[in-house]
Amino acid sequence: TGTHIDAPSHFAPNMTKIDKIPVDRFVSSAVLVKATKQPNYLIEQEDIKGIQLNRGDAVVLKTGWEKCFGKKNYMTENPGLSDDAAKYLVRKKVSLVAIDGPSIDAGFDTEFTAHHILLPAGILAVENICNLDRIAKDRFMLIASPLKLAGATGSPVRALAIT
């Protein structure tokens, strides 16, 4: 899959579908979190905790995993969020979490822990985001524009960083 967004209904069927999310949720102040990780590593709360997060911010996780795109282990050994990190982001009331891998969950996490924490809390997930090396600032404006697909739990997205 390419860069895409998961609506809250992606893992919580009674939650909001992609076409019912207000358009202003797809434009937000963003913070780039550099958390370079090896295969199957978890992004921990400590990787994020020292960064100033404001209510409604988008958190963009740069793990370096996008460089593994096309490799055999890309979909199965990607780094992802730990449950403590996901719960921390819920407490911080962020709007969206993006990652440069195929999932916000680590490849080994067959329970999709981060999805089950973030999405029911109304936090959107953008996965397979790329070109994070081109973002020179830690703070920027993120536009993550999905298609308005009636009743869908997600959509391909065009993600733009405005610095």
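A: Start with a definition: a nonpolar core is a set of buried Ala, Val, Leu, Ile, Met, Phe, Trp, Tyr and Cys residues joined through side-chain atoms within 4.5 Å. The model here is predicted. In soluble globular proteins, nonpolar side chains tend to be buried together.

Q: How many residues does the largest nonpolar core have, and which have the most contacts inside it?

A: The largest nonpolar core holds 23 residues, and I48, L81, L89 and V97 have the most contacts inside it. At least two residues each come from β2 (27–34), β4 (58–62), α2 (83–91), β6 (96–99) and α3 (113–118). The most is given by α2, with four residues.

Q: Which residues does L81 touch, leaving aside those up to four places away in sequence?

A: L81 touches L42, I43, I48, L61, L89, V97, I104, A114 and L118. There is also a second, separate core, of 21 residues; F26, A98, L124 and A152 are included in it.

Q: Now the cysteines. How many disulfides are there?

A: A disulfide is a covalent bond between the sulfur atoms of two cysteines. Here the count is zero.

Q: Are C68 and C130 buried or partly exposed?

A: C68 is buried, at 14% relative accessible area, whereas C130 is partly exposed, at 39%.

Terms used: Residues are numbered from 1 along each chain as its sequence is written. This is a predicted model: local features need pLDDT of at least 70, side-chain atom pairs count only at pLDDT 80 or more; totals for chains, interfaces and linings use all residues. Side-chain values use heavy atoms; hydrogens and water are left out. Buried means under 20% relative accessible area, exposed over 50%, partly exposed in between (1.4 Å probe, protein chains only). Contact means heavy atoms within 4.5 Å. A disulfide is a pair of cysteine sulfur atoms within 2.5 Å.
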